[in-house]
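Please look at the structure below, which is a predicted model.

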Amino acid sequence: MHTLNIGILAHVDAGKTSLTERLLFDHGAIDRLGSVDTGDTRTDDGAIERQRGITIRSAVATFTAHGTRINLIDTPGHSDFIAEVERALEVLDGAVLLLSAVEGVQAQTRVLMRTLRRLALPTLIFVNKIDRPGARDEDLLTDIRCRLTPYVAPLTRVTGIGSSDARVRPLGIGSAAEALAEVDPGILAALVDGPEPTPDDLRRALAARTADGSFHPVHFGSALGGQGVPELVEAVTRLIPPAPAPRDAEPRGQVFAVRTAPGGERVAYLRLYGGEVTERQRLTFLRRGVDGVTSRIRGRATRLSGPLAAGDIAALTFSPGLRVGDRLGELKDRAAQFAPPTLETLVTARHPAQANRLRSALLALADQDPLIHARPTAEGATTLLLYGEVQMEVLAATLAQDFGVEADFAPGRIRYLERPRSTGEASAQTPWHEGTRYWATVGLRVEPGDRGSGGVFGYETELGALPRAFHQAIEESVHAGMATGLTGAAVTDYRVTLIRSGFVGPLSTAADFRGLTPIVLREALERAGTRVFEPCHAFEVEVPSAALAPVTAQLVSLGAEFTGTTGGDPAWVITGELPARRVREMELRLPGLTWGEGVWWSRGSGDRELTSR
């Protein structure tokens, strides 16, 4: 029996969790259907998920169908939890992109399809809620071809669309021939020159083009009623191939989710790419810090029901605790599919006596989601990076319910970054005075690093010139000091080199180097100078022809840089880049400029130098 790891992706309220419940129930994994409305679903098992009726953390559930074990990953649909979707994509063999037959193609649907096609991840489209009033089929297929991808074909059809009598019927494979010819040269040649492709030819082409991510079969159905779900499952097992599972001598895998079990223990979800893991086996995970240094975490895997083979996903406990992104064995880095969060907020305890508990709770949550970058401040508060206001509300509720801490979140602000402008050096030697005495000598050079390198620390001095503890104190102080640059923003893409060092026999301590290093670093950074950068979003906006001029003018006034304008009557599509701080303003103005017909899509796309605020 082979294994498939399948993700369900969709916009909010398309029915992802309901489809998960239906799949588990139909295949005997659960004995009754849970409901989002009643808060008793299998995968949304957190109290906040049940209260809000949304998926916040990726969940894994397993069932067996057609001789295949399917690990089903239910991912969040709200854009504030896009990091969870990113981590799920890294471990999938294929995906089901879910649409509502009523709401149709949404902005988040387009974001997800763009990412799936860029990854060439095998993807089937499932149109849900065919039994709801207002459901569409042919019109929706047209929207899918225009707004998602033209390379689709329905494999089922609907009778009684939009009513409780809606039923799904299979379509013959011949109905997909012309669509397949768009992406398969062999089918195109057969249709043009003959002989006509046989059903077996079409089935082979459908499997091959679905597997390479260039074509997307469409199925209709209802997760609540169960219509069309058997046909979807059959297509998943037939058209999505399992990933190669080499039996390496050493296990290789990645932690993509961490959750707290009802008993309070931390559970890590591991996708294994090679080798085998058994109960109580000693394992070594690799963790790369923000400073680029890789550390090793050693322990034993527990909570395995049997050997974990390549291609499998398992929930395991591990001591010490694992974090999202930790890697088992050497794996090639995979680029993040979504930009890191750009909204920064300051979190303080409502009751001062809970300050330490708040800090511990936020650091624990940052272990589950390292992208939030919890960083304690000197004043006792903690800064977090987030994607949006909904994520902030969920974190506040999590702190109250899971940790018993009431916290106040300052209004979110856009996070700026600094980069060194040139090279600067500074040094100080023992005994050194500025209100105090440090028995240490430190000289540092600050210079620009490669774009995307983060922070790099190096040496021109001999490594044996200082005791190891003093070296470590200098390096840690440098990276901590770069968290606040000349304008208060964090410094990134820098290279700091230790060019001078010394100590005084028994008098010098690590504390001397921790005290002196930030002062020398600041002086070197001031001599190098910095430039401030602001995060940007790549955008795509679809507007009626009559609204092209006012929308373009509004974008120009907000600082947009354009990359293209295509279309005509009845609609234009404008693409470009916009400062992240202006995105919300544009989203609010768009309906008025387009009489409610404009469609906006944007995502993080890096940063650019700030010219004015």
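Salt bridges and a helix pair

Glu585 and Arg589 form a salt bridge in which the closest N and O atoms are 3.3 Å apart. Both residues belong to helix 15, and because they are four residues apart there, about one helical turn separates them. Glu585 has 29% relative accessibility, so it counts as partly exposed. Arg589, at 41% relative accessibility, also counts as partly exposed.

The axes of helix 14 (residues 548–557) and helix 15 (residues 580–594) come within 10 Å and cross at roughly 160 degrees. Angles over 145 degrees count as roughly antiparallel, so helix 14 is roughly antiparallel to helix 15. Their crossing is right-handed. Helix 14 contributes Pro550, Val551, Gln554 and Leu555 to the contact, while helix 15 contributes Met586, Arg589, Leu590, Leu593 and Thr594. Sorted by class, the contact has six nonpolar, two polar and one charged residues.

Arg110 pairs with Glu540, with the closest N and O atoms 2.6 Å apart. Arg110 lies in helix 4 (residues 107–119) and Glu540 in strand 31 (residues 530–544), so this pair ties together parts that are 430 residues apart in sequence. Arg110 and Glu540 are both buried.

Glu577 and Arg608 also meet in a salt bridge, at 3.9 Å from N to O. Glu577 is in strand 33 (residues 571–579) and Arg608 in strand 34 (residues 599–609), 31 residues apart. Arg608 counts as buried because its relative accessibility is 16%.

A network of salt bridges links Arg419, Arg451, Asp493 and Asp607. In the whole structure, a search finds 29 salt bridges.

Notes: Residues are numbered from 1 along each chain as its sequence is written. This is a predicted model: local features need pLDDT of at least 70, side-chain atom pairs count only at pLDDT 80 or more; totals for chains, interfaces and linings use all residues. Side-chain values use heavy atoms; hydrogens and water are left out. Axes are lines fitted to C-alpha atoms, for helices over the stretch in contact, and angles run from 0 to 180 degrees between N-to-C directions. Helices (H or I, at least four residues) and strands (E, at least two) are DSSP runs, numbered from the N terminus. Angles under 35 degrees count as roughly parallel, over 145 as roughly antiparallel, 65 to 115 as roughly perpendicular and the rest as oblique. A crossing is left-handed if the near helix is turned anticlockwise from the far one by less than a right angle, and right-handed if clockwise. Contact means heavy atoms within 4.5 Å. Ala, Val, Leu, Ile, Met, Phe, Trp, Tyr, Cys and Pro count as nonpolar, Asp, Glu, Lys and Arg as charged, and the others, Gly among them, as polar. A salt bridge is a side-chain nitrogen of Lys or Arg within 4 Å of a carboxyl oxygen of Asp or Glu. Buried means under 20% relative accessible area, exposed over 50%, partly exposed in between (1.4 Å probe, protein chains only).
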